[in-house]
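Here's a quick briefing to read alongside the sequence and the 3D view. Have a look at the picture, then work through the points below.

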Amino acid sequence: MRILISGASGYLGSRLCKALNKQHHIIALTRNPDKFNHFNEKIADEIIILKSFDHNFLEKVIDSKPEIFIHLISLDSRNSNLNPLNSFDVNVGNTFKLLNHLKDSKTLRKFIYFSTIHVYNSSLKKINELTNPNPNNFYSLTHYLSEEIINYFNNEANFKCINLRLSNSYGEPLFENENCWKLVVNELVKSANEKKVISLNGEGLISRDFIHYSDICDAISKLIIIDNSKFNHNTYNLSSGNSLLLIELAELINKEFKGKIKILINSNESYLPSPKNLVSKITYSNERIKNLIKFNPITVSEGLFKMIKKLKN
């Protein structure tokens with residue numbers, strides 16, 4: 001199939017290009033074509049250079065005749081909250097422009113939008129797709145607004161529109177200069193690898209759902225080939241279904257480094273956090289996507305082993 005990936009030179013976009021290029025024709029939409037030109041293997045068959053979402057650009061998208069569109073262009077949480085107006089244009093406006101231009105496409109079968117589990121902001125201990133969204137910052141708000149745009153065009157367009165609410169992804173980047181080291185797992189692994197230290201704020205008792213990029217690629221590879229009639233919903237959590245406290249994550253990383261890492265909490269080596277068994281973790285159910293595709297995410301331990309092995313090499 002002809003698969004167009006927007007944000008193709010980013011952390012997840014580049015991973016999806018490489019994973020899907022083995023079986024499909026990949027059209028990379030990017031502001032940074034040099035990343036592909038200087039990479040040591042071919043992971044895209046065509047490249048569309050993005051300068052602005054004007055009419056000429058949108059016509060190029062149409063002319064590329066995609067059958068699947070995977071939309072990853074978004075400012076991250078920090079930049080979204082620092083510049084709300086720009087965030088609205090990038091995270092919301094561009095999503096609308098694309099779908100409004102594509103709505104009468106004769107080739108497109110699926111439009112897959114990467115949202116975030118941060119749209120929930122719920123105090124419930126188990127969250128599923130029926131949990132009411134409650135965005136609490138501009139980053140999560142813009143993704144929720146884009147989800148509503150996806151829902152609208154799912155009813156209006158000739159193709160299936162899907163929201164994927166992604167949990168906390170991790171894993172080593174494909175391109176060396178990829179700016180993904182602020183992701184929680186990546187940041188802690190990088191610090192352990194380079195400084196032999198992991199520093200946590202608070203007591204390390206915040207829980208997160210971590211999903212390795214390989215599971216994201218696996219889920220997408222299955223979603224794109226499934227018949228549209230099989231979809232009973234158009235919003236899915238893309239998560240591991242299990243949560244870890246940050247202190248538990250730090251301990252797993254330390255285990256992979258043979259216990260040679262110092263774990264500091266509030267810069268204090270001797271500080272002992274509250275008992276972990278007293279903390280209720282928030283988990284994000286992935287049962288809906290499991291009922292749709294065969295989806296069995298690897299454990300964080302397995303993901304860390306893969307990541308650290310590649311970093312050491």
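Lys258 counts as exposed because its relative accessibility is 67%, where exposed means over 50% relative accessible area, buried under 20% and partly exposed in between (1.4 Å probe, protein chains only). You'll find Lys258 in the loop between α9 (246-256) and β13, and its phi is positive, about 60°, although it is not a glycine. A word on the source: this is a predicted model, where local features need pLDDT of at least 70 and side-chain atom pairs count only at pLDDT 80 or more, while totals for chains, interfaces and linings use all residues. Residues are numbered from 1 along each chain as its sequence is written, and side-chain values use heavy atoms, with hydrogens and water left out.

**Another lysine with positive phi**

- Lys196 has a positive phi of about 60° and is not a glycine either.
- Lys196 sits in the loop between α7 (184-195) and β9; helices (H or I, at least four residues) and strands (E, at least two) are DSSP runs, numbered from the N terminus.
- With 41% relative accessibility, Lys196 counts as partly exposed.

**Strands β9 and β13**

- Strand β9 (residues 197-200) runs parallel to strand β13 (residues 262-265), and 4 bridges join them.
- Across from Ile198 stands Ile263 in β13.
- In a regular strand, side chains alternate between the two faces of the sheet.
- In β9, Ile198 and Leu200 make up the covered face, while Val197 and Ser199 are on the uncovered one.

**The open sheet of 7 strands**

- The strand order is β3-β2-β1-β4-β5-β7-β11, with parallel pairing; two strands pair if DSSP finds at least two bridges between them.
- β3 (46-49) and β11 (235-238) are the edge strands, so each pairs on one side only.
- Neighbouring strands in this sheet are turned by 20° against each other on average, direction ignored.
- Strands β4 (residues 68-71) and β5 (residues 110-116) run parallel and are joined by 4 bridges, with Ile70 having Ile112 in β5 as its bridge partner.
- Helix α3 (residues 55-63) packs on the sheet and touches β1 (2-6), β2 (25-30), β3 and β4; contact means heavy atoms within 4.5 Å.
- The direction of α3 makes about 165° with that of β3; axes are lines fitted to C-alpha atoms, for helices over the stretch in contact, and angles run from 0 to 180 degrees between N-to-C directions.
- α8 lies across β4, β5, β7 (160-166) and β11, at about 150° to β5.

**Helix α1 against helix α8**

- Helix α1 (residues 11-20) and helix α8 (residues 213-223) pack at about 55°, with axes 10 Å apart.
- That angle makes α1 oblique to α8 (under 35 degrees counts as roughly parallel, over 145 as roughly antiparallel, 65 to 115 as roughly perpendicular and the rest as oblique).
- Residues making the contact include Leu12 and Leu16 of α1 and Ile216 and Ile220 of α8.

**Helix α7 against helix α11**

- α7 and helix α11 (residues 300-312) pack at about 45°, with their axes 11 Å apart, which makes α7 oblique to α11.
- On the α7 side the contact is made by Val185, Asn186, Val189 and Asn193.
- On the α11 side, Leu304, Met307, Ile308, Leu311 and Lys312 take part.
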